[in-house]
Amino acid sequence: MQTQFGTRFLPRLCSLALAAFLFCAASPAVFAAEADNTHALHSGPSDLSVVTAKLSDGDTVRILEHTSTDWTRIALEDGTTGYCDSALLSIRGEEDSGDGASDVGETLRPVSILSAPDAEAPAVGKLAANVYITLLSAPEDDAYTEVTVNSQTTGYIDSEAVRPVRTITAVVAPRPTLSEEGAKTEAEARETLASLAVYFEDGCYWNTAGVPADAQDAFSITDTPCDHSMDGYVFCNTYSGITETCFPEYGSGSTQCLGYASLLSDLVFGTEAPIRVHYDFDRLRVGDHIRLRSWEHSMVVTEIGTEADGSRYIQVTEVNEDYETCRISWGRTITEDELYGLGDTVQILTRYAED
Ligand SMILES: [Zn+2]
């Protein structure tokens, strides 16, 4: 059933339309207002500690220590380390170079950087203890390890003074917050969805694979697909929102497409917005949740349009279109005929006040 759904259902959005959508997505910025104040790398886990660098949305960083729910110690791509607000980070999972080796190390004690792998070689620098450095060779292979510090100084250090560390990659992307109140109009819903498209990045996975236990929540996004056939649903995110009241058959904590649609609906319209169910495509609006009851698939409408010949279509964001990986996708186009050609019950869950 599920494979059949995937193959016969609905063409992909043309790339032109996708580009247009992403262009829209980049401009309105619900979260950007605070960016200047919050995008700081601090010397310590406190707002009062010195700001040593600025972070930009989209930067890839490495998490060295997830020290608390509020602060995370990170390394920037140039090797600079410091602390940032944990809410700035979208964790993407454990760094994996492919051979299982780590290319990041931490110094265990103060150590000299030598110009050659030889105790008699001149020193070109010195490192303090607990400094994170890039490893160019594996410490277990030789008495000296080749390292780079801050993408500048390269040399050799005593292999007994360094330990490889596994790190977690993250992307700087301020996480959206749930509020009791949200969009009232279609224009507001469209603007919020555009911002959410930046955080819930197309092609990433809505799951917790590789995310530290204390950082796992409904906002976890990774680069690692679920494998539902092999692993079941152990890495799937869960979310409980008001939408859950419409699906008592699944119990509490929805996963996959339903959990994602429930979360986005609450992010757009607010957790307190009541929910109504209807079946009238003429009343469909941007932000509505479409539920295919028999297929057990959920999608959130991001656009509604009409072709030159009068035929209507929608564009959607969804998770787990393939039923297997919890992949996030934006911009799939579905015509009205395709939607109703499925022979499924097309249920529309709306958060707009009575129209
Ligand atoms: Zn999953």
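A residue is treated here as buried if 20 or more other C-beta atoms, placed from the backbone, lie within 10 Å of its own, as exposed if 12 or fewer do, and as partly exposed in between. The model is predicted, and local features need pLDDT of at least 70, side-chain atom pairs count only at pLDDT 80 or more, and totals for chains, interfaces and linings use all residues. Residues are numbered from 1 along each chain as its sequence is written.

Ser159 lies in the loop between strand E12 (153-158) and strand E13 (162-165), where strands (E, at least two residues) and helices (H or I, at least four) are DSSP runs numbered from the N terminus. Because 20 C-beta neighbours fall inside 10 Å, Ser159 counts as buried. Beyond its neighbours within four places in sequence, Ser159 is in contact (C-beta atoms, placed from the backbone, within 7 Å) with Pro139, Asp142, Ala143, Tyr144 and Thr145; the C-alpha atoms of Ser159 and Pro139, 20 residues apart along the chain, are separated by 5.0 Å.

Helix H6 (residues 256-269) is largely enclosed by the rest of the structure, since 14 of its 14 residues are buried, and is followed by Gly270, whose phi is positive, near 95°. Helix H4 (residues 186-199) packs against H6 at an angle of about 125°, with the axes 9 Å apart; axes are lines fitted to C-alpha atoms over the stretch in contact, and angles run from 0 to 180 degrees between N-to-C directions. Ala189, Thr192, Leu193 and Leu196 in H4 meet Leu264, Leu267 and Val268 in H6.

Key:
Two residues are in contact if their C-beta atoms, placed from the backbone, lie within 7 Å.
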